[in-house]
Amino acid sequence: MKITTLAVAVATGFLPLVAWPQASAPAGNAEAGRTKTQMCSGCHGIAGWRTAYPEVYGVPKIGGQHQVYIVKALQAYKSGERGHPTMKAIAGSLSDQDMADLAAYYGAPQVASK
């Protein structure tokens with residue numbers, strides 16, 4: 001899309017239609033997500049935790065992370081686009097609804113401070 005076409009799309013309100021398919025993702029339920037955190041909290045729930053496989057890697061804090069980012073990251077692990085073996089295995093066991101629920105839980109403001 002050329003810049004002028006993009007400007008017209010934004011000005012006429014067409015741009016939201018371009019992004020519409022993303023809105024069809026399942027809505028996340030934070031309470032359901034809280035019940036699905038067992039596999040996450042073992043690493044992401046420990047401040048400063050580092051893994052040693054396949055290399056030494058600082059485990060990121062996911063509490064307070066943007067929900068869309070969490071879902072996209074989990075989808076990338078599941079598809080193999082991201083390659084961390086532990087995350088690939090965990091994400092491979094998650095449904096789209098599981099990912100949305102986990103994102104809703106970890107993206108909630110009260111979890112950000114944990």
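Colleague: Before we go on, is Cys43 buried, partly exposed or exposed?

Modeller: Bear in mind that this is a predicted model. Cys43 comes out as partly exposed, at 25% relative accessibility. Cys40, by contrast, is buried, with a relative accessible area of 13%.

Colleague: And how many disulfides does a search of the whole structure find?

Modeller: The general idea is that a disulfide is a covalent bond between the sulfur atoms of two cysteines. Here the search turns up 0 disulfides. The cysteine sulfur nearest to that of Cys40 belongs to Cys43, 9.4 Å away. A disulfide needs the two sulfurs within 2.5 Å, so that distance rules out a pair.

Colleague: Fine. Which residues have the most contacts inside the largest nonpolar core?

Modeller: In soluble globular proteins, nonpolar side chains tend to be buried together. In this model, the largest such core has 16 residues, and those with the most contacts inside it are Ile70, Leu74, Leu94, Leu102, Tyr106 and Val111. Helices α5 (67-79), α6 (85-92) and α7 (96-106) each give at least two residues to this core, with the largest share, 5 residues, coming from α7. Take Leu74: beyond its neighbours within four places in sequence, Leu74 touches Met87, Ala91, Leu94 and Met99.

Colleague: What about pockets: which residues lie closest to the centre of the largest one?

Modeller: His44, Pro60, Ile62, Tyr77 and Met87, out of 26 lining residues. The largest pocket holds about 510 Å³ of space. Its lining has 18 nonpolar, 5 polar and 3 charged residues, and α5 supplies the largest share, 5 residues.

Conventions
Residues numbered from 1 in each chain as written. Predicted model: local features only at pLDDT ≥ 70, side-chain atom pairs only at ≥ 80, totals over all residues. Heavy atoms only, no water. Buried < 20%, exposed > 50% of the residue type's maximum accessible area, 1.4 Å probe, protein only. Core = buried A, V, L, I, M, F, W, Y, C linked by side-chain atoms within 4.5 Å. Helix = DSSP H or I, 4+ residues; strand = E, 2+ residues; numbered from the N terminus. Contact = heavy atoms within 4.5 Å. 1 Å grid on protein atoms, 1.4 Å probe; cavity = no way out; pocket = protein on both sides within 12 Å on 5 of 7 lines; lining within 4 Å. Points joined across faces, edges and corners; volume = space filled by probe spheres on them. Nonpolar A, V, L, I, M, F, W, Y, C, P; charged D, E, K, R; others polar.
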